Amino acid sequence: MRPAAKDNLVLPTVALRGLVVFPGMTLHFDIGRKQSVSAVKSAMLNHQNLFLITQIDMAEEVKEREALFDMGVVCEIKQLVRLPAGSCYRVVVEGKFRARLEELQQMRPHFISEIKPLTANDVPVTSSLDTEAIVRYTKMLFEEYADLNQKLSADIALGIDEQYYVGGLTDYLAGNLPLEFIDKQFILDELHATKRIERLCAVLRREIEMLDAMETIDDRVQKQMDENQREYYLREQMRAISEELGDGESAAGEAEKYRARILDLHLDAESEEKLLQECSRLAHMQPTSPESAVSRSYLDAVLALPWGKESTDVLNLDAAQKVLDKDHFGLQKVKERIIELLAVRKLSPDIKGQIICLAGPPGVGKTSVAKSLASAMHRKYTRISLGGVHDEAEIRGHRKTYIGSMPGSIITAVTRTGVCNPLILLDEIDKLASDYKGDPSSALLEALDPEQNNTFRDHYIEIPFDLSKVLFVTTANDVSQIPAPLLDRMEVIELYSYTAEEKFQIAKKHLIKKQMQAHGIKSSQLHITDGAVRAMIDSYTREAGVRKLERTIAKVLRKAAVRIANGETEKITVRATDLETLLGPRKYKPTAVSKANEIGVVNGLAWTSVGGELLKVEVAVMDGTGKLELTGSLGDVMKESAKAACSYIRANAALWNVETDFYKTKDIHIHFPEGAVPKDGPSAGVTVTTALVSALSGCPVRADIAMTGEVSLLGHVLPIGGLREKSMAAYKAGIRKIFIPEDNVSDLAEIDAVVADTVEFVPVSEVSQIIAAAVLLTKNAEKAGKAKSVKNIPVVQKQPSLHNTEVCRRN
């Protein structure tokens, strides 16, 4: 420790919690902290002088100078008594004079402070007219305060008359009145006597206003209690009168039962008041009146809601993974997202805003995924079908003023599950309609908004209900049909159409077993070979999902059930050759790929809602006047793509051995076969361009390749979507080389393993690269760059976008 400055003192120090001592004041307090006990013992050995100062935060330990106020009081220890508790002591001190803390010189084993003694300016209470006025005003405030605070000791008033100095009076009152320690410290900090008593007056005035307010609140509470008792007595009298009149259970008695159930729910004040008012209306109605039936129905509907009732989530990630793998084959991306959702909920149970939209073609398992999620979490599950809903009241309910009114489908679903945190599946959300009765999709905005649905108001219920704990899962076939504000509230997870291999595995592991159980056929009685299953997939179904495949399997089982039931055989084996006998002629034939190289015929690739398809483009060139004919039920985007291809070839005719005036002397006809099937999208751009160059130059195109990509006016090949489905279609058709846009290389991570191992993918950035590799040009026309062949592209995790989905062929 360094020596203290001149006139400064160095004393043991105790930091007080919530206590402030004043000069001339006797204070007793208990100490138990080791630092405090050590400081007191040290003071007893040093003239019994101790510096007491208040710490700013009562809850924290003092670790630095900034944790203490600046002003404290030097006290003399009058008594030190050891308490029976053990290491605790009771200390009695008397304040001597103020001192300012200059430096905290020591922290261990106890505080030692360098302090500067301060002399407070004090004047007699009769020194001047202003002084007498402020003293009288202070005494008046004290009397008013004492009248309001009944717990104040009468001895304090007696001691006031013994104070003859303004500063002494202020310190006496501040030290003995039950004020907040912050207010006491505020008074202690002032050295000037007149300013100090003014601070005391300000604190007393605020305390008086606070006590007045507390007294007013107490009177109001007491009055409310009296009113409740009076209401109770009156209701008991009404019940007794009804019993005397022989009315049985009166409306008042019924309303009282409703009232008791409402109070047991402990709702917010607004909702409780609304329901109690409805009970009061019911109490004054005749039991047989129509209005009473409306009130009963309303109260029953509200009380049936699961207010505060929750099921406990089971967030076992391994168990959830097993449930998902058991119920579904494939769908790895969807399963990963569900496991992520469960993991986040396990780490943050109160998270909100996870509203999932499962989007994909029919039959790919969207609804069953939602069921599996509910099963994995052990949540109650319910489903709301939104297909064809066109009335807003179906979602938000009817106002109870209408005859036959009822709650909306969301509130009804919550009531049906019996808990406030179920999993609600909003099925076919893209099929919502709207008419003059309102827009149901707009009514869903509040329910699906995490920032608003904690106070969802159904038109029938009329009071807010918390939907924030509900896990909403929606399904859709076409997300483009969902209004943008509604889509913005959901996280879209794409479910793609199943490949043939996935359908085969689903049929073997799930569908056949399910249908055999449904038809009562044992595995020992029927066996369907792998070849028969694949034949059903390729020749009797053409769909994105497996619903039609399941119906086809059921049809085969019905045929087998007839033979088994008639006793014709005990066991049946269904082979691929038996399907035409059981199911009739094959409905779909595989796409045939020409083995000969042809002029003006190119293999393109198309994405459809049921998977990919091989799409041929045919171009015929005839003498004429420069007309361009497009046929095949084409959309505007595809027509514009064909025109862009013509303009590109016209600008680069010399490169491809094409007559430069073909646009004036030749008529061009571009045709897409299967003319009854609508087609649209830009991804056939490179296919059309290649076919045009072949037809105009008279050079054939290789028949063993396929291509996809949008072409720009400058010949750049732009990215497309649906590469996974398109590549599968090429693989099934026997194509072993596909030209794709260079920007789609990252999408090869989504390609099926069997396709990736068999098909060679050639990424290109310019259509000239495709033409040079695909069109068998003469030597004098080979002026474009050669394509770079890439096989077995390293897998990159990126999902193909379906917003650029191109040649959309719909059956």
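These legends walk through several close-up views of a predicted model.

Residues count from 1 along each chain as its sequence is written. Because the model is predicted, local features need pLDDT of at least 70 and side-chain atom pairs count only at pLDDT 80 or more, while totals for chains, interfaces and linings use all residues, and side-chain values use heavy atoms, with hydrogens and water left out.

View 1. The score here is pLDDT, the predictor's confidence in each residue, from 0 to 100. Across the protein the average is 82, and 91% of the residues score at least 70. Residues 779-811 are another story: pLDDT stays under 50 there, and the model has 95 contacts for this stretch beyond four places in sequence. A contact means heavy atoms within 4.5 Å.

**View 2. Strand S5 and its antiparallel partners.** Strands (E, at least two residues) and helices (H or I, at least four) are DSSP runs, numbered from the N terminus, and two strands pair if DSSP finds at least two bridges between them. Strand S5 covers residues 89-106 and runs antiparallel to strand S2 (residues 26-31), with six bridges joining the two. Look for Ile-31, which stands opposite Tyr-89 in S5. Strand S4 (residues 71-82) is also antiparallel to S5, this time over 11 bridges, and here Gln-79 stands opposite Val-92.

View 3. Leu-101 stands opposite Ile-115 in S6. The two strands make a hairpin with four residues between them. Zoom in on the loop between S5 and S6 and you'll find Pro-109, joined to Arg-108 by a cis peptide bond with omega of about 0°. Most peptide bonds are trans, and most residues other than glycine have a negative phi.

**View 4. An open sheet of five parallel-paired strands.** Reading across, the strand order is S8-S9-S12-S7-S13, and the pairing is parallel. Strands S8 (381-385) and S13 (491-494) are at the edges with a single partner strand each, so one side of each has no neighbour in the sheet. From one strand to the next, the twist averages 25°. Further in, four bridges join the parallel strands S7 (residues 356-359) and S12 (residues 471-476). Ala-359 has Ala-476 in S12 as its bridge partner.

View 5. Helix H14 (residues 409-417) lies across S8 and strand S9 (423-427), and runs at about 155° to S8. That angle is between N-to-C directions, on a scale from 0 to 180 degrees, with axes as lines fitted to C-alpha atoms (for helices, over the stretch in contact). In the loop between S9 and helix H15 (440-447) sits Glu-428. Glu-428 isn't a glycine, yet its phi is positive, at about 55°.

**View 6. The second largest pocket.** On a 1 Å grid over the protein atoms alone, a pocket is an open set of points with protein on both sides within 12 Å along at least five of seven lines, a cavity is a set where a 1.4 Å probe fits but cannot get out, and lining residues have an atom within 4 Å of a point. This pocket holds about 670 Å³ of space. Of its 26 lining residues, His-328, Gly-365, Ser-368, Lys-514 and Val-546 are the closest to its centre. Helices H12 (366-377), H17 (500-519) and H19 (547-565) each supply at least two lining residues, and H17 gives the largest share, six. The lining divides into seven nonpolar, nine polar and 10 charged residues. (Nonpolar means Ala, Val, Leu, Ile, Met, Phe, Trp, Tyr, Cys and Pro; charged means Asp, Glu, Lys and Arg; the others, Gly among them, are polar.)

**View 7. The second largest cavity.** The structure holds five cavities of 30 Å³ or more. Strand S16 (residues 601-608) provides the largest share, three residues. By class, the lining has six nonpolar, two polar and three charged residues.

Terms used:
Points joined across faces, edges and corners; volume = space filled by probe spheres on them.
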